[in-house]
Amino acid sequence: MTTQIINGRILTPHGWLEGGSILIRDSKIEAVLNHNNKVAEADKVIDAKGAYVLPGGIDIHVHGGGGRDFMEGTEEAFVTAIEAHRKHGTTSILPTLSSSTVPMIREALATCDKLMADPMNGVLGLHLEGPYFNPKMAGAQMPENIKVPTPEEYKPLVEEFTSLRRWDAAPELPNTEDFGDYLTSKGILVSLGHTAATPEDVERGYRHGFNHATHFYNAMTGNHKVGVYKHAGTIEAVYINDGITVEMIADGIHVPPTLMKMVYKVKGPEKTALITDSLAVAASDSKTAFDPRVIIEDGVCKLADRSAIAGSIATMDRLVKTAVQQAGIPLADVSRMTSETPARIMGVYDRKGSLEAGKDADIMMFDNDLNLTGVVQMGREIAVGD
């Protein structure tokens, strides 16, 4: 099957291409052409109608959608959530589990192993957000699951399953040096999160593989006073370490637009990924989350006692619109943060994250008001969600 996308403003690694087209053969981009003329081999033509044509969104931190949560562990729950986000521009996904029990983790890993076997699912692996966190920074994590890492627990999970690709922990906890070293040796991304790490903790963690920061600004300390003296927090330590990449929840609520712009200016699009961190209620008519403690209020998920934000209801298209229209970040750089940078962070830029010949045909299209108008995932045209 050969498909050609015409009449779009195409974002290539070299800049915007006006009046070009994209030729897709099966699941791959065969060519990015500098003309709109229909080629003879095209079985199907998609008219972009002047839309921005961007690489497909890559969400590396997402808990669920379509009314289902990845903590459920079942293939049905995974597929429902993945398909719900796909309709909103997420063409590749890293399903995420909040702090969970070992049986829950094992079930999710088994499901993820199965789904990863078929590249058409767009699953990049499983992301474990916890349970090795600082209990004082637990936020909406389930406190009964939070603990200190032990190799007797985490090594069998890594050895038995193939889909584990990212694990978040607080680097100030005991045993995290060995944890970071071991995971890094297995090619697994180690990220610091839900942490009160001092600058010294951050630097020590970085030396042991903690080279990414989970939902930057959320569930971590910033500049603060101890007595009469000011102390840098986790946030400032991450800012000054050029080797640490960050991700931010670009719903305009978790990170206010002014701070979003600050992250963009300091870390830059090459070190910043945009994530949804969305719960099951995203891309859904459902009003209840998997976690019974969670309520939906003011366009975000909160704990019912309103002591913490619990996650977002955002989708990929909302990230793009918010970053451009509220934070004032240029669309080309927003696209890098939703596609290229997460692809590089997860080590898949050789096949995803940009519109180039030979790469997977993952594409988002937006009109002038940044409303999502089209999605192509692995060469398949996807119906856009409401």
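Asn175 is partly exposed, with a relative accessible area of 38%. That value falls between the limits of 20% for buried and 50% for exposed. The model is predicted. Asn175 sits in the loop between β11 (164-169) and α4. Its phi is near 75 degrees, a positive value in a residue other than glycine. Most residues other than glycine have a negative phi, and most peptide bonds are trans.

Look for Tyr217 in the loop between β13 and β14 (224-226). The backbone holds a cis bond as well. The peptide bond from Gly130 to Pro131 is cis, with omega near 15 degrees. Pro131 belongs to strand β10.

Strand β10 leads us to the sheet. Strands of a sheet pair through backbone hydrogen bonds, either parallel or antiparallel. Here eight strands form an open sheet with parallel pairing. Follow their order across the sheet: β6-β9-β10-β11-β12-β13-β16-β17. The edge strands are β6 and β17 (272-275), and each pairs on one side only. From one strand to the next, the twist averages 25 degrees.

Now take β9 (residues 90-97). Is this strand enclosed or open to the outside? Eight of its eight residues are buried, so β9 is largely enclosed by the rest of the structure. On one side is strand β6 (residues 57-62), which pairs with β9 in the parallel sense over four bridges. In that pairing, Val62 has Pro95 of β9 as its bridge partner. Strand β10 (residues 126-132) runs parallel to β9 too, and two bridges join them. There Leu97 stands opposite Leu128 in β10.

Move along to β13 (residues 210-213) and β16 (residues 245-249). They pair in the parallel sense over two bridges. Ala213 stands opposite Val246 in β16. Helix α7 (residues 257-267) packs on the sheet and touches β16 and β17. The direction of α7 makes about 165 degrees with that of β16. Helix α9 (residues 331-345) lies across β6, β12 (189-192), β13, β16 and β17. This helix runs at about 105 degrees to β17.

Helices also pack on each other. Two packed helices are described by the angle between their axes and the distance between the axes. For α3 (residues 151-160) and α4 (residues 176-185), the angle is about 5 degrees and the axes are 11 Å apart. Angles under 35 degrees count as roughly parallel. Helices α3 and α4 are therefore roughly parallel to each other. Which residues meet in this contact? Helix α3 brings Tyr154, Lys155, Val158 and Glu159, and α4 brings Asp178, Phe179, Tyr182 and Leu183. By type, the contact has five nonpolar, no polar and three charged residues.

Last comes the interior. In soluble globular proteins, nonpolar side chains tend to be buried together. The largest nonpolar core in this model has 72 residues. Trp167, Phe179 and Phe216 have the most contacts inside it. Helix α2 (residues 102-116) gives the largest share of this core, five residues. Another core, of 14 residues, lies apart from it, and includes Ala48, Ala361, Ile363 and Met365.

What does Phe216 touch, leaving aside its neighbours within four places in sequence? Its contacts are Ile235, Val238, Tyr239, Val246, Glu247, Val255 and Val263. One of these, Val246, is the residue in β16 that stands opposite Ala213.

Methods
Residues are numbered from 1 along each chain as its sequence is written. This is a predicted model: local features need pLDDT of at least 70, side-chain atom pairs count only at pLDDT 80 or more; totals for chains, interfaces and linings use all residues. Side-chain values use heavy atoms; hydrogens and water are left out. A nonpolar core is a set of buried Ala, Val, Leu, Ile, Met, Phe, Trp, Tyr and Cys residues joined through side-chain atoms within 4.5 Å. Buried means under 20% relative accessible area, exposed over 50%, partly exposed in between (1.4 Å probe, protein chains only). Contact means heavy atoms within 4.5 Å. Two strands pair if DSSP finds at least two bridges between them. Axes are lines fitted to C-alpha atoms, for helices over the stretch in contact, and angles run from 0 to 180 degrees between N-to-C directions. Angles under 35 degrees count as roughly parallel, over 145 as roughly antiparallel, 65 to 115 as roughly perpendicular and the rest as oblique. Ala, Val, Leu, Ile, Met, Phe, Trp, Tyr, Cys and Pro count as nonpolar, Asp, Glu, Lys and Arg as charged, and the others, Gly among them, as polar.
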